[in-house]
Amino acid sequence: MRLARSQPDHVISMEALTAELEKNLKGEDATTRRFGIEEKSSEKLIGWCSISYSSWAKRYTSADIGLAIGEKDLWRKGYGTEIVGLLLKEAFEQLNLHRAAGGPMLRTRRA
């Protein structure tokens, strides 16, 4: 739960998070794409990542990206770097967005 939201004011209950994820899986949330992170060698689900679009003037131009890897022993293994690259590729090449942000460490604009 701590990794599900980046800011303390966004903390929600497990039930609310479950409802949010179920809505997204059913295709009822057109502003967020969520993905599971799977370890290639074991095919084990190790985390999640998402792209949440922001609209301006009825057009999607920017997004927030986020990810969480649940098991601490899998941190600092390069998964985050690979995932951020894939999320940015999706945001810029597939969704044709202009800007992506993901916390204080990541601020990216299309070149």
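Which residue with a positive phi follows α2? In this predicted model, α2 is followed by Asn96, whose phi is positive, near 60°. Asn96 has this value although it is not a glycine, and its place is in the loop between α2 and β4.

Because the model is predicted, local features need pLDDT of at least 70 and side-chain atom pairs count only at pLDDT 80 or more, whereas totals for chains, interfaces and linings use all residues. Residues are numbered from 1 along each chain as its sequence is written, and side-chain values use heavy atoms, with hydrogens and water left out.

The chain has two helices and five strands, arranged from the N terminus as α-β-β-β-α-β-β. These elements are DSSP runs numbered from the N terminus, with helices (H or I) of at least four residues and strands (E) of at least two. Buried residues make up 30% of the 111 residues in the chain. The chain exposes about 8,200 Å², of which carbon and sulfur atoms supply 53%; accessible areas come from the Shrake-Rupley method with a 1.4 Å probe, and for residues only the protein chains shown count as cover. Of the contacts (heavy atoms within 4.5 Å) between residues at least 6 apart in sequence, 30% join residues at least 24 apart.

Both helices were compared with an expected span, defined as 1.5 Å times one less than the number of residues. Helix α1 (residues 14–25) has 12 residues and reaches 16 Å from its first C-alpha to its last, close to the 16 Å expected. α1 is followed by Gly27, whose phi is positive, near 80°. For α2, the 16 residues should span 22 Å, and the end C-alpha atoms are 21 Å apart, which agrees. The buried residues of α2 are Tyr79, Ile83, Leu87, Leu88, Glu90, Ala91 and Phe92. An α-helix has 3.6 residues a turn, so residues three or four places apart point the same way.

Helix α2 also contributes to the second largest pocket, whose lining takes its largest share, six residues, from α2. The elements that give two or more residues to this lining are β1 (32–38), β2 (45–56) and α2 (79–94). About 230 Å³ of space lies in the second largest pocket. A pocket is defined on a 1 Å grid over the protein atoms alone, as an open set of points where a 1.4 Å probe fits, with protein on both sides within 12 Å along at least five of seven lines; lining residues have an atom within 4 Å of a point. Grid points are joined across faces, edges and corners, and the volume is the space filled by probe spheres set on the points. The lining comprises 14 residues, of which Gly36, Ile37, Cys49, Ile83 and Leu86 lie nearest the centre of the pocket. By class, the lining divides into eight nonpolar, one polar and five charged residues, where Ala, Val, Leu, Ile, Met, Phe, Trp, Tyr, Cys and Pro count as nonpolar, Asp, Glu, Lys and Arg as charged, and the others, Gly among them, as polar.

Within the strands, Ser50 is found in β2 and counts as buried because its relative accessibility is 8%. Apart from residues up to four places away in sequence, Ser50 touches Thr32, Arg33, Arg34, Asp64, Ile65, Gly66 and Leu87. Ala68, placed in strand β3 (residues 59–69), is likewise buried, with a relative accessible area of 7%. Ala68 and Trp48 are 20 residues apart in sequence, and their C-alpha atoms are 5.5 Å apart in space. In strand β4 (residues 99–101) lies Arg99, which counts as partly exposed at 34% relative accessibility. The C-alpha atoms of Arg99 and Leu88 are separated by 9.3 Å, the two residues being 11 apart along the chain.

Two loop residues were also examined. Glu39, in the loop between β1 and β2, counts as buried at 16% relative accessibility. Leaving aside neighbours within four places in sequence, Glu39 is in contact with Lys44, Ile46, Leu74 and Tyr79. Although Glu39 and Leu74 are 35 residues apart along the chain, their C-alpha atoms are separated by 9.5 Å. Arg76 lies in the loop between β3 and α2 and counts as exposed at 86% relative accessibility. Phi of Arg76 is near 60°, a positive value in a residue other than glycine.

Conventions: Buried < 20%, exposed > 50% of the residue type's maximum accessible area, 1.4 Å probe, protein only.
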